[in-house]
Amino acid sequence: LALSAQCIAFLIAFVPLVQASLKRHLPERQHVLLAEFERLSSDLAAHREELYAKLVAIMKERLDFHCRGISDEAWNAPGQGEPGAYIRGLVKELEALHRVLASTLDARALQMVLSMIARAVS
């Protein structure tokens, strides 16, 4: 999903360049066709947002899964100094997601996705 989002970001950046080049080379009467590029950019941006939302939904599902383990914890057991299995599992999955996203997305997109996850789980 992250790689798809990054590819779409490339296309979003590339579309205006193609549009400008075509504008220079197309006859004036065909410039009306260039409006489709605006729609394409808008559609690509919406699709990228849907991919980000899917990443957030996946992480939310993982949170729900791990939170089911809260009731299995022995909260008042002696020697309960370590984090519970549910939080260790959740942190492990969040670290894995961050590692994959950090290697794929640019810093702004990474920050945006992680912020969306934080808002979704709070």
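Buried means under 20% relative accessible area, exposed means over 50%, and partly exposed covers what lies in between (1.4 Å probe, protein chains only). The model shown is predicted, so local features need pLDDT of at least 70 and side-chain atom pairs count only at pLDDT 80 or more, while totals for chains, interfaces and linings use all residues. Residues are numbered from 1 along each chain as its sequence is written, and side-chain values use heavy atoms, with hydrogens and water left out.

**View 1. Helix α3 and its buried face.** Helices are DSSP runs of H or I with at least four residues, numbered from the N terminus. Tyr-86, Gly-89, Leu-90, Leu-97 and Leu-101 are buried in α3. Seen down the axis of α3, these buried residues fall within an arc of 100°, so they line one face of the helix. The arc is taken from the directions that run from the helix axis to the C-beta atoms. Lys-92, Arg-99 and Ser-103 are exposed, on the face turned away from the buried side. The buried residues of α3 pack against α1 (2-25), α2 (35-67) and α4 (107-121); contact means heavy atoms within 4.5 Å.

View 2. Val-15 counts as buried because its relative accessibility is 7%, whereas Leu-17 counts as exposed at 56%. Leaving aside neighbours within four places in sequence, Val-15 is in contact with Phe-37, Leu-40, Ser-41 and Leu-44. Leu-17 belongs to a nonpolar surface patch with Phe-10, Leu-11 and Phe-14, and together they have about 410 Å² of accessible area. Such a patch is made of residues with over 30% relative accessible area and no salt bridge, with nonpolar side chains (Val, Leu, Ile, Met, Phe, Trp, Tyr) joined within 5 Å. Accessible areas come from the Shrake-Rupley method with a 1.4 Å probe.

**View 3. Val-113 in helix α4.** Val-113 has its place in helix α4 and is buried, with a relative accessible area of 0%. Apart from neighbours within four places in sequence, the contacts of Val-113 are Tyr-52, Leu-55, Val-56, Leu-101 and Leu-105.

View 4. Glu-36 pairs with Arg-39, the closest N and O atoms being 2.8 Å apart. Asp-43 also forms a salt bridge with Arg-39, at 3.2 Å between the closest N and O atoms. Glu-36 and Arg-39 are three residues apart in α2, and Asp-43 and Arg-39 are four residues apart, which separates them by about one helical turn. An α-helix has 3.6 residues a turn, so residues three or four places apart point the same way.

View 5. The side chains of Arg-62 and Glu-93 meet in a salt bridge (2.7 Å, N to O). Arg-62 lies in α2 and Glu-93 in α3, so the pair ties together parts that are 31 residues apart in sequence. Arg-62 is partly exposed at 27% relative accessibility, and Glu-93 is partly exposed at 23%.

Conventions:
Helices (H or I, at least four residues) and strands (E, at least two) are DSSP runs, numbered from the N terminus. Patches are made of residues with over 30% relative accessible area and no salt bridge: like charges are joined within 9 Å, nonpolar side chains (Val, Leu, Ile, Met, Phe, Trp, Tyr) within 5 Å. A salt bridge is a side-chain nitrogen of Lys or Arg within 4 Å of a carboxyl oxygen of Asp or Glu.
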